[in-house]
Amino acid sequence: MSSLLKGVNLYLIGMMGVGKTTIGRLLAKELGYGFVDTDNVIAQATGKSINQLFTEEGETAFRKLESDVLSQVCAFTKLTISTGGGIVLRLENWGYLHHGLIVWLDAPVELIYNRLAEDSTRPLLQDADPKGKLRSLLEQRTPLYSQADLHIIEREGETPEDLAKRILEAIPSVLKTQVSH
């Protein structure tokens with residue numbers, strides 16, 4: 001499979017809580033790729049949690065940092081990159097994402113909500129109606145997420161390993177095959 005990808009990066013996009021980091025690590029291992037989580041890079045570079053950055057600097061400043069990290073990461077090859085859920089909101093980020101293969105990991109709002117219900121580190125869910133907030137974020141972002149090369153919808157009872165396997169099986173369907181002369 002990695003020879004099929006020819007070193008092209010794999011970018012995982014989708015809502016918070018869909019498993020981009022977990023599945024990204026599995027894909028990287030399977031492909032013999034490196035793994036990068038853009039949120040972790042931002043947290044390490046700033047010495048602050050994503051929550052702190054949102055609180056102290058605001059979402060706009062965070063999105064700028066996210067774009068800066070993405071611009072640097074896309075210069076490398078053979079990486080599986082897990083992105084923040086809102087990375088699709090800035091037009092400039094699509095220029096970076098299109099350097100690789102974009103996989104939209106999708107899951108029902110109920111499932112995401114159940115995963116994140118106890119997670120106080122998600123700044124956008126510090127809301128009176130977190131499930132409603134998730135729904136509205138997903139509604140807003142779906143037209144953007146749908147620009148991905150691959151759309152993988154999590155099914156009931158699927159494990160991260162199952163999803164990684166489905167992604168690997170689906171990749172050849174979206175790769176342009178080279179024409180031999």
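Here are some exercises on this predicted model, each with a worked solution.

Because the model is predicted, local features need pLDDT of at least 70 and side-chain atom pairs count only at pLDDT 80 or more, while totals for chains, interfaces and linings use all residues. Residues are numbered from 1 along each chain as its sequence is written, and side-chain values use heavy atoms, with hydrogens and water left out.

**Exercise 1. In what order do the five strands of the open sheet lie, and which are the edge strands?**

Step 1: Helices (H or I, at least four residues) and strands (E, at least two) are DSSP runs, numbered from the N terminus. Two strands pair if DSSP finds at least two bridges between them.

Step 2: Read off the order. The five strands run β2-β3-β1-β4-β5, with parallel pairing.

Step 3: Look for strands that pair on one side only. Those are β2 (34–37) and β5 (150–153), the edge strands.

**Exercise 2. How many bridges join β1 to β3, and how many join β1 to β4?**

Step 1: Take β3 first. Three bridges join β1 to β3, and the two run parallel. Across this pairing, tyrosine 11 stands opposite isoleucine 81.

Step 2: Now β4. It is joined to β1 by four bridges, again running parallel. Here leucine 10 has leucine 101 as its bridge partner.

Step 3: Follow isoleucine 81 over to β2. In the pairing of β2 with strand β3 (residues 79–82), which is parallel over four bridges, isoleucine 81 is the bridge partner of valine 36.

Step 4: See where the β1 side chains go. Leu10 and Leu12 point one way, Tyr11 and Ile13 point the other way, and all are buried. Buried means under 20% relative accessible area, exposed over 50% and partly exposed in between (1.4 Å probe, protein chains only).

**Exercise 3. Which residues touch the most other members of the largest nonpolar core?**

Step 1: Define it. A nonpolar core is a set of buried Ala, Val, Leu, Ile, Met, Phe, Trp, Tyr and Cys residues joined through side-chain atoms within 4.5 Å.

Step 2: Name the residues. Out of 51 in this core, they are Ile13, Met15, Leu27, Ile167 and Ile171. The helix that gives the most to the core is α9 (residues 160–174), with six residues.

Step 3: Zoom in on leucine 27. Skip its neighbours within four places in sequence, and its contacts (heavy atoms within 4.5 Å) are Leu10, Leu12, Thr80, Ala164, Ile167 and Leu168.

Step 4: In soluble globular proteins, nonpolar side chains tend to be buried together.

**Exercise 4. Why do the buried residues of α7 line one face of the helix?**

Step 1: Find them. In helix α7 (residues 109–116), Val109, Ile112 and Leu116 are buried.

Step 2: Look down the axis of α7. Its buried residues fall within an arc of 65 degrees, so they line one face. The arc is that of the directions from the helix axis to the C-beta atoms.

Step 3: Recall the general rule. An α-helix has 3.6 residues a turn, so residues three or four places apart point the same way.

Step 4: Ask what covers them. The cover includes α8 (130–145).

**Exercise 5. Is glutamate 66 buried or exposed?**

Step 1: Locate it. Glutamate 66 is in helix α5 (residues 59–73).

Step 2: Apply the cut-off. Glutamate 66 has 0% relative accessibility, so it counts as buried.

Step 3: List its contacts. Beyond its neighbours within four places in sequence, glutamate 66 touches Asp39, Ile42, Gly84, Gly86 and Ile87.

**Exercise 6. What is the phi of lysine 6, and where does this residue lie?**

Step 1: Start with the background. Most residues other than glycine have a negative phi.

Step 2: Give the value. Lysine 6 has a positive phi of about 55 degrees, although it is not a glycine.

Step 3: Lysine 6 lies in the loop between α1 (2–5) and β1, and at 55% relative accessibility it counts as exposed.
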